[in-house]
Amino acid sequence: MAGISGILAFDKVWNVNKFLKYSLIGLQHRGYNFTGVAVYNEGKIESKTYNESPEDAEVSYDGWAGIGYSGSRKGYPVKVGGIAYVVDGVLKENPEEFAKDLLKDPERALENAKGVFNLIALTENEKIIAYRDKFGLRPLFLGGFGFDLGIVSSESSGINVIGGDTKREINPGEMVVLERFNVESKQLRVERKATCSIEYIYQSRIDGILEKSQIYDVRIRIGEELAKEWPISADTVVGVPDTALPFAIGYSRKLGLRVDLGFTRTGSPIRTMIAGDNFLKVVGVQLKLNPIRSAFFGKRIVLIDDSMVTGTTLKNTVFNLRKMGAKEIHILIGSPKLVRPCPYGVEVPSESDLIAANLKDEDIAKVIGADSIHWLSIDGLFRSIGNKDLCYGCMGGIYPG
Ligand code: SF4
């Protein structure tokens, strides 16, 4: 997974360097192991990849147009001759050949490219080209900073954190070209729309909007749906930070059940699913989830999390809550079961590592040490999101193509 941004100033006196860095910081929840930037100035593009997050990377190039990447793959931006590009998704083309094709004829190159990907390119003929994947699996937004900057970014957070306004979502299969004093759009491909369900459940930032729905509201509704599907008699409901907090609020509202903040965090957020190595995964769990004893001692708990992959994180958490004196622990997962991998670049492990693909519910509860475990249904997910134009292939549903 990755977050990508592109910023072009309509007047050359601007320096987009810092804007780019902070836009990428606003996207680093999508992946942060590598940062890459390419900046245009004085007729040439300079580009660099950093083995660290946008927050830590010293982005030093000055210029009035630039693109950037924050994600889990090394190698972006790809720069060949007079063009550089960044990708979120899976582009199944030879990077050098594709860059040449893109410089020659962007429409044709994007129409013919294999894979499902969002792309932002910077060219030496002073353009930024943005393209959203043909299914609209991943988000891509167009925005601006007054009449001074044109901005494209994976999420509205990549625009809003630098003081910009989000204008609209780029449509699936649409190409947008930013030049000085001009923004043009062309629809290149039309397929069945299928937004990635995971974006709603935990990938996109809570302050964002997707397909006109506020992510926060969707997550509250997921909690309400869980309450309808799995009303559990308990003393309190706790959401695992950060994604599952609105699930817990929705669940509590629906059932009139007390809600508690059960955990506090040490250091900056680490998304354990995208943490680069096993050590970080283990340490990430501990840092992310330090339990507050009084929230759990002697209580019957409903604990809500956003997803369950291998079960390691929850097993650890349940173990810690037992140590804190929790009487009963009932786990609710705010997504349907993850049972298959993602062919589109989201880091869902292979089937053999997905606990829900291999064990019955009672056995999973035993393995993680919980009293019970339940998942949101696919219909519950559709109702929470409010539409069915979704990809839910990794949940045993339909892959768009
Ligand atoms: S398979 Fe799953 S993770 Fe991949 S795009 Fe579809 S819903 Fe998202």
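Buried means under 20% relative accessible area. The legends below use that cut-off for a predicted model.

**View 1. Thr243 and the annotated site around it.** At 10% relative accessibility, Thr243 falls under the 20% cut-off and therefore counts as buried. An unreviewed UniProt entry gives the feature "binding site" at Thr243, Asp305 and Asp306. These positions span 64 residues in sequence, but no two of their C-alpha atoms are more than 7.7 Å apart, so they gather at one spot.

**View 2. Asp305 in its strand.** Asp305 belongs to strand S21, which covers residues 300-305. Its relative accessible area is 10%, so Asp305 is buried. In the UniProt record (unreviewed entry), Asp305 is listed under "binding site", as are Thr243 and Asp306.

**View 3. The four annotated cysteines.** A "binding site" feature in UniProt, again from an unreviewed entry, names Cys196, Cys342, Cys391 and Cys394. Although they span 199 residues in sequence, no two of their C-alpha atoms are more than 10.1 Å apart, so the set gathers at one spot. Cys196, Cys342, Cys391 and Cys394 are part of the lining of the largest cavity. Cys196 lies in strand S14 (residues 195-196). With a relative accessible area of 11%, Cys196 is buried.

**View 4. The ligand and its shell.** The ligand takes up the space of the largest cavity. Around the ligand are Leu137, Cys196, Ser197, Ile198, Cys342, Tyr344, Val346, Cys391, Tyr392, Cys394 and Tyr399. By class, the shell holds 10 nonpolar residues, 1 polar residue and no charged ones. Among the residues around the ligand are the cysteines Cys196, Cys342, Cys391 and Cys394, which UniProt (unreviewed entry) lists for "binding site".

View 5. The domain assignment divides the protein into domain 1 (2-191) and domain 2 (215-395). Between the C-alpha centres of domain 1 and domain 2 the distance is 33 Å. UniProt (unreviewed entry) annotates residues 2-181 as "domain: Glutamine amidotransferase type-2". That span, residues 2-181, is 17% helix and 43% strand, and its end C-alpha atoms lie 29 Å apart.

How values were computed: Residues numbered from 1 in each chain as written. Predicted model: local features only at pLDDT ≥ 70, side-chain atom pairs only at ≥ 80, totals over all residues. Heavy atoms only, no water. Domains from an automatic or database assignment. Near = heavy atom within 4 Å. 1 Å grid on protein atoms, 1.4 Å probe; cavity = no way out; pocket = protein on both sides within 12 Å on 5 of 7 lines; lining within 4 Å. Sits in = over half its atoms within 2 Å of the grid points. Nonpolar A, V, L, I, M, F, W, Y, C, P; charged D, E, K, R; others polar. UniProt positions renumbered as here; feature names shortened; annotations may be inferred. Buried < 20%, exposed > 50% of the residue type's maximum accessible area, 1.4 Å probe, protein only. Helix = DSSP H or I, 4+ residues; strand = E, 2+ residues; numbered from the N terminus.
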